[in-house]
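Thanks for coming, everyone. I have one chain to show you today. Let me put it on the screen.

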Amino acid sequence: MLPVYSVWIEIQANKATIADAHQFRAAMRRCAQAGMDAVLLSVRDTSGFALYPSKLASHYSQYDPAFAPGVDYLKQCVEICREEGLALFAALDVFVGGNRNHPQPGMPALLHPEWQAQVYGLDAQGAPCVRPVMDAQGLQTVSSIDDFGELFLDPMHPEVQQYLLDLADELLERYPVAGLVLDRVRYVGFCSDFGPRTRAAVQRLAGDTEGWPESVYRIEEGRTVPGPLFDAFRTSRAECIHDFMERMSALVDRFPGRVLLDYTGSWYPLYDQVGANWASVRHVPEEYGLASIEKYQHAGYAHLVDNLLSGCYYPEITEQEAAHRPAFWYSVEGAARLAKQVILEDAPVTASLFLDQYRSQPRRIEQAIRMCFAQTGRCMLFDLSYLEQDGWWPHAQRSAALCPLTEEELPELHRLLQRTLPAQYDWGKARLEQVAVRDPALLPEGTLCLKTGDDRLLGAVVSKQFAPGEPPYGGAGCVSMLLVDPEIQNHGWGSCLLKAAEQIMRNRGIERIFLGQDVCNLFSGVPEPSPEKLAFFDKRGYQMCVDEHYDLEADVTDDPLIDSFDSTGFEPYMVEPLMHGQEQQLLDFLQAEFPGRWLEEIKDFLGSDGNPSELMVLRPHGGAVCGFCKIAVQPGGRSGLGPIGIAAGVRGRRLGELLLQRSLLQLRALGAHTVCIDWTILKEYYGKFGFLPERTYRGGMKTC
């Protein structure tokens, strides 16, 4: 499950809260009360030390005495979050391993000086030089996002990458965190890296590195003057970050149910400075003016993460407020819009806020949060310390939350269905109650609704599980219904509801998930399967059926196609309602001809005292059953027909048409007006008797 509303917990700013279990629990309770569903706990920050006993990283107590030696703070926080109903994601600062201003022996950058990033700049005499980041403080550099307090590592060093992958593997193996959040998967700026590995990578792309480093760019009056290797330098770094993310993604995939999140700044037009192309591979990065754009484009890695947290860190909230700024994306609204533009739905975006930017007007936090949800359907707040220390919790109440769908929500659920789908898909409150509340196959924990702070219901998902051995889907799961109010569609809420339901099913060991196709259903597949709906499920791993299927309807009160049916040649056969005492004959026929779902449905019908007269049977005069049809008349004259089936040995003789025509006449005699034949692809066949498609569906299935 991906976080929808979350808060980051940075170690140093929150050390008193993290170190005290009682304080942490109280803070997590406030998170839950604010409507948050997750926290992102930094467990290895830029210092390179860890909040848990690790075989690979030194314990945080060796860096800060506020933490007790040997205490497993991560385990403690995971347990508290679970008890408070919050998911905990472990956040790792990646290509950084120490701090120059507070050096400690356990820092990876000091333990392994050869891992340090090599920084290019001008020395005190104005001469170009390359130095390890530990010694780069006096250099004049360009385009550095961070100062050199943090000791950045060389992302191209194979030992650095392997160390970080091993660290992630150890963490996921030992702790039941919901997933990983990566930060600083990047370079410090254009000033790095200028070590031998980067030079070799540039040489592979450009063929020659003579004049290094000034052949990449010269520094003149504090600006970069690109050289002949500038494009190759930028591309090689982006390729390195892509390849690392590919390895990290594959590692996380080995842990079922875990997800990979990545935090980046939202200012994509400037992000080539730090060598991370977090866009879609389909986005053409024309903003960088690359002569050879394809390789940089193919280094996009949005498709490798499950969620991208985009730092919309601007005091201006709307694009209109940022009209005086250099571009529209210098605002929360514009930054989120830009992120979606370059990611192209390869991954859901979470708009993220830096709360301290609203210190002078903390009420604007509320407006900023609403903007995040409006743009991306998700929001992350940085950082917990501002909510706790500045008392900004009243401004951080969530606009919507996931909660169990109960019987009390049925009236609102019915109104949601009416707002979401055309009128012909509304089967009424009674049928909705049977499907969403009463069905024995229901998974209550995977049946959820999305509610606002004022208790409005804006979305819902209904999950079910087929009983083991129940044909044809025994043990599989089912998304019986997924609804999102049109006013908040395309903001990630559908993904949120679907992922929550899928996670519940995976936790129960379900390996296949169907869209619709449950016995007691409103929709036998995705209703009104538009290209947008099909793309939504396709992107989330569902294999959609090639053909659509239908609910067909006809008015049988005065249908000449029924009355003019030519029954010549059918004299040896008879069609009549099933008589009491003949039930076993029908069951024997079904066992021989249709031993799957239809047999089970008819068994259930008869076992629950169903009326045998609602079962039409075809047989030769004095012979055994060779066809059947289920019919039902409801109050008001609406009726249903199906399933209907003919024995394999007598097919091809138009006996199915005879059985259908006689069943329709029986329905008419019982007072039926409108007859529905649901869940069929045979619209031409039934069209012979005036049936037309009334509702359209598309099935689908996903293997977990």
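I will go from the overall picture to the barrel, then the cores, and then the open sheet.

Keep in mind that this is a predicted model. The chain has 704 residues, and 57% of them are buried. Its C-alpha trace spans about 110 × 60 × 50 Å along the principal axes. The secondary structure comes to 20 helices and 29 strands.

Now the barrel. Eight strands close it, in the order β1-β2-β3-β8-β11-β12-β13-β14. The pairing is parallel. On average, neighbouring strands of this sheet are turned by 25° against each other, ignoring direction. Look at one pair in detail. β8, residues 179-183, and β11, residues 259-265, are parallel and share four bridges. Within that pair, Gly179 stands opposite Val259 of β11.

On to the cores. Which residues have the most contacts inside the largest nonpolar core? They are Met28, Leu74, Leu180, Tyr217, Met245 and Leu381, in a core of 162 residues. Helix α7, residues 230-253, supplies the largest share of this core, with 11 residues. Stay with Met245 for a moment. Leave aside its neighbours within four places in sequence. Met245 then contacts Leu182, Val185, Leu260, Asp262, Tyr301, Leu304 and Val305. Another core lies apart from the largest one. That other core has 45 residues, among them Tyr550, Leu578, Leu599 and Phe691.

Next, a helix pair. Two packed helices are described by the angle between their axes and the distance between the axes. For α2, residues 21-33, and α3, residues 73-83, the angle is about 35° and the axes are 10 Å apart. The crossing of α2 and α3 is right-handed. On the α2 side, the residues in contact are Ala21, Phe24, Arg25 and Met28. They meet Gln76, Cys77, Ile80, Cys81 and Glu83 of α3.

Is Ser385 buried or exposed? With a relative accessible area of 5%, Ser385 falls under the 20% cut-off, so it counts as buried. Beyond its neighbours within four places in sequence, Ser385 contacts Ala13, Asn14 and Asp390. Asn14 is 371 residues away along the chain, yet the two C-alpha atoms are separated by 5.7 Å.

Now the open sheet. It has eight strands with mixed pairing, ordered β20-β28-β22-β27-β26-β25-β24-β23. β20 and β23 stand at the edges with a single partner strand each, so one side of each has no neighbour in the sheet.

Let's walk through some of the pairs. β22, residues 549-555, runs antiparallel to β27, residues 674-680, with five bridges. β26, residues 639-646, pairs with β27 in the parallel sense, over two bridges. Ser639 has Val675 as its bridge partner in β27. From β26 the chain passes through helix α19, residues 655-669, to reach β27. That β-α-β crossover is right-handed. Phe628 stands opposite Gly645 of β26.

Two helices to finish. Helix α17, residues 583-593, lies across β24, β25 and β26, at about 120° to β25. Then α18, residues 597-607. Which of its residues are buried? Arg597, Leu599, Ile602, Phe605 and Leu606 are. Their cover includes α17, β24, β25 and β27. Leu599 also belongs to the core of 45 residues. Just after α18, Asp609 takes a positive phi of about 65°.

That is the tour. I'm happy to take questions.

Technical notes
Residues are numbered from 1 along each chain as its sequence is written. This is a predicted model: local features need pLDDT of at least 70, side-chain atom pairs count only at pLDDT 80 or more; totals for chains, interfaces and linings use all residues. Side-chain values use heavy atoms; hydrogens and water are left out. Two strands pair if DSSP finds at least two bridges between them. A crossover is right-handed if, with the strands pointing away from the viewer, the path from the first strand over the helix to the second runs clockwise. Contact means heavy atoms within 4.5 Å. Axes are lines fitted to C-alpha atoms, for helices over the stretch in contact, and angles run from 0 to 180 degrees between N-to-C directions. A nonpolar core is a set of buried Ala, Val, Leu, Ile, Met, Phe, Trp, Tyr and Cys residues joined through side-chain atoms within 4.5 Å. Buried means under 20% relative accessible area, exposed over 50%, partly exposed in between (1.4 Å probe, protein chains only). A crossing is left-handed if the near helix is turned anticlockwise from the far one by less than a right angle, and right-handed if clockwise.
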